[in-house]
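Please open the structure in your viewer and keep the selection tool at hand.

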Amino acid sequence: MTKTRRGLLLVAWIATVAILGWIVDRHLVIGADLRLFMPSPRTPQERLILEEIGEGPASRMLLLAISGPDPQAAADTSRALAAALRASGEFRLVANGESNPGAIPDSLLSYRYLLSPTLDHSALDAGFLRAQLEERVRDLSSPAAGLLEPWLPRDPTLELLKLADSWLPARQPQLLYDVWFGASGKEALLVAETRAAGFDPQGQRKTADALQRAFDDSRTDGNLRLESSGPGAFSVLMQERTQGEAQWLGSASVFGMVILLLVAYRSVPVLVLGLLPLLSAGVAGLAAVGMIFGTVHGITLGFGFTLIGVAQDYPMHLFSHQRRGLDARASARALWPTLATGVASTCVAYLAFLFSGVRGLAQLAVFTVTGLAVAGLTTRFLLPSLVPESSRDAADSARLGRLWHAIAELPRPLWLGVATALACVAYLALSPRPLWENDLGALTPIPPALLARDSALRQELGAPDVRHLLVIEDSDAESVLQKAADLEPKLAALVARGVLEGYDQPARYLPAKSVQERRRAALPDADTLRASLNEALGTTPFKPGIFEPFLADVATARQLPALGPADLAGTPVEARISSLLLQREDHWTGLATLTGVNDAGAVAQVAAQVPGTTLLDLKQASEDLVAHQRERILWCLAVAAVLLVIVVFAALRDALRVRRVLAPMALTTLLIVALFHATGVSLSLFHLIALVLAAGLGLDYALFFEHAADDPAEQRRTLHAVIVCSLSTLLVFALLALSTLPVLRAIGLTVAAGVVSNFVLALLLTRPSRRTAG
Amino acid sequence: MIGLTLTAAPLHAADPDAAALLARLARPAPDSTSFVEVRYSRLLEEPILVSGHLEHRKDGSLVRSVEWPFQEVTEVHGENVSVTRAGSRPRRFTLDRAPELRGMLTSFGAILQGDRQTLEQYFAVSATGAEARWEITLTPRVDKLKRHLSRIVVNGVENRPQCFTLTEPDGDESVMVLGITGPEALPTSRERGALRAWCTDGNRQ
């Protein structure tokens, strides 16, 4: 190939990658919903669990605390912040304890007797009215007179106030300066329900920014500090930390790789050329994911690039076999069967994830398989034409020769390999501890100090439990609300017994239509009410005729149709009801949030008494889901393992060679699992993916060692290639293993241990006997 | 002191008589006195009467205990007010939502503490009468107060304030008479005019 044609090829290659990259960048949407990495729901129950995990009111709840030296300033800021947050559009609901009857919209004023439970236990008769009017006289003589007087002609029973009070949380923090304060009296407290789902880190990030802006605009005092806590705030925090650390580790490993490659090949062009297959792989992988799925998850992106990092090894095999007088194309042709076997078998392993039933993993599979295939093919067909002739031959290295010789001298304790494998299997089978980690939270743990703070705020605010939730299901809203009403006295009894500290349920804000209609029917007609009122007024000092607005309101209420969920649109009540009463495709779901659950069993018993009601333990349910999902993935991997053996067998066509190639990888996998178990590390999905990655690497090492079996020079070149490959991989993943974040550490440790073990075992088990190495 | 942070209106020199008078009225906390309050409301045909004790505590809080004709305790701590009536849940609110009460407490507290500065921050102060029988009229300066409070008139004898009369723009009025234990000490007519005259004349002891 002439120099010009070489140049043209290089330019065309780079241009193709750049253009494809540009198109991908323009069109690919990067998603962030973490539920993409959760199992796809198969039963309605599972779907509900997944919806609640990410979208339930508790997962959207942010607990806010404003603290500073001057409580009055904190209170003023609390009020301004609440108004700003309500106006920002990022929040469904903001509560800070402020309440006044004016907060109930005019359109709902006449509905008060239908919404308030007063008529359930008393009638608007002369006796009740007299008692109420006597109280009002006392109110007028009290310091609260100025507050209540304007409402009395319209609402002598103070129904609006009762309604507003009943909508406040059952247990709420103390009020100072009209807003909620912590017990210390130093921090103003707020609760906000975000519009973004708790499992949507991008939405939560946007919300967090809006919150900070609103606080900066609202604060009346530079010394004030805002804290926010809750699932959304934590997901933003953890994402930042993960990204920050991954970035730092990424930069460090790129730097290390460049140094390593320069030392190994002493050529800048080789360094640059070595990157081309990897870049092509990344762009092609993204394009494939984009075409199939439309969006790519941020995790797929980050994780996928880690996985196709293996592709960096492919050109290295080519480079390490370069020597004077050898056409790289011929060398590539010679290496291809081995390389192709490695690529194909790794792809087979990743294909298992395509059938895992987890969308995020399916994306990852498409990305990795496409990427590795492209990297393999470009290394075979494009790269060799571009590789400059090398004056160095790795086989000339005396040190490599001595090293190979020393390795060949080592005993080959095949029986030890078998014994180790058996020991590992026996240990894992007999150990009583669970092998797997089912708690997703364990992978991105929140610092204990923040958790303690969260639970303290939750306690003070009486905020709902993030773990337990009562779910009421039925075909229509009316039946759900009816069941919620049946549940109400039972829950109240649980609170009285101390099983529960509090609860919230949709019928508190919107009673079932049948209940509203019953209350409406209990409203006396105009004449009866007037007569009762006159009788009641007889003994009080109220002026005659001042309660005409009250009589008019009751007359109006008698004509009102009962309210349904749709009628509340645009009112402040809508915000409350919309998170507790949800319409799914063909049915309605009501949620009762629980606060301070001391005995989940007792709550479950109560739930069992109302048909269609279940106590959801989100932690338990999600752990079950994870276990379920893992079982399926393991089955897929088992099938993949069989396919992998078939691929390798098809390539090598010799049982002994197949055994030699597969032994290091199989033993490594067993050893790592046993080692992790022995050191108390529970395995997660991320360990599993990392184990597949490590197995793929081990397979490559073994294949190349096996390939070089007969020729001493080839053995040295192969040793050079595998040393460079394994060192670069080890460098990247050992850095990752230093991470403080368990998810990154899990991947780093697994792969780093896998590289070392695979390298050593490949040398011990796969390299030829002294006889053949001769 | 209550509401110090609200506004800072320029200080006007009060009537020299008022200044001297205010200085004499100061009483150190803790202090407790009995009261009878008569409240005229536009919703009511006749005024409501209650009696009880007012207590000014050392920590600056004020407690108003109604003992007749029913039991009710109001506590004011800084900005926060709670009203507890026997048999029902406390009603809590802040002075921001009860400007009449803020006006009343400010004037009352400032007079008890001899805090002319606070008084003049919220009110224009004028005084008439002599040392033996005097009248101080407080007219709100602050808009927020003006909307809910027309004036407060304090009548007293020597160094004792006896009547606090609070008039609202809508005509509602409350008269708090200090130092008497029950309504029997009041004039038999509960007409506003009669009570006003009784306060102005100081015709009791």
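Which residues does A:L693 touch, not counting residues up to four places away in sequence? Select A:L693 and you will find A:L307, A:V310 and A:V751 in contact with it, where contact between two residues is taken to be C-beta atoms, placed from the backbone, within 7 Å.

Before going further, note that this is a predicted model, in which local features need pLDDT of at least 70 and side-chain atom pairs count only at pLDDT 80 or more, while totals for chains, interfaces and linings use all residues. Residues are numbered from 1 along each chain as its sequence is written, and chains are lettered from A and ligands numbered from 1 in the order in which they are written.

**The cores**

A:L693 is, with A:L372 and A:A690, among the residues with the most contacts inside the largest nonpolar core, which has 116 residues. Such a core is a set of buried Ala, Val, Leu, Ile, Met, Phe, Trp, Tyr and Cys residues joined through C-beta atoms within 7 Å; a residue is buried if 20 or more other C-beta atoms lie within 10 Å of its own, exposed if 12 or fewer, and partly exposed in between. Select next helix α30 (residues 685-707) of chain A, which gives the most to this core, with 17 residues; helices (H or I, at least four residues) and strands (E, at least two) are DSSP runs, numbered from the N terminus. Apart from this core lies another, of 80 residues, among them A:V179, A:A463, A:L500 and A:A512.

Now select residues 201-218 of chain A, the helix α11, whose 18 residues reach 25 Å from the first C-alpha to the last. The buried residues of α11(A), including A:T207, A:L211 and A:F215, cover an arc of only 150° around the axis, which puts them on the same side of the helix; the arc is that of the directions from the helix axis to the C-beta atoms. These buried residues pack against α4 (71-88), β6 (187-194), β7 (225-229) and α12 (231-265) of chain A, whereas on the other side of α11(A), A:D209, A:Q212, A:R213, A:D216 and A:D217 are exposed.

Move on to A:L224, in the loop between α11 and β7 of chain A, which is buried, with 22 other C-beta atoms within 10 Å. Its C-alpha atom is separated by 4.5 Å from that of A:G68, although the two residues are 156 residues apart along the chain.

**Where the chains meet**

Colour the two chains separately: 21 residues of chain A are in contact with 29 residues of chain B. On the side of chain A that touches chain B, the elements that give two or more residues are α8 (126-141), α9 (145-148) and β4 (174-176) of chain A, and the largest share, four residues, comes from α8(A).

**Backbone details**

Select B:W68 and B:P69, which a cis peptide bond joins, with omega about 5°; B:P69 is in the loop between β3 (62-68) and β4 (72-77) of chain B. Finish at A:R653, in the loop between α28 (618-652) and α29 (655-678) of chain A, where phi is positive, about 55°, although the residue is not a glycine. With 9 C-beta neighbours inside 10 Å, A:R653 counts as exposed.

Notes. The expected span of a helix is 1.5 Å times one less than its number of residues.
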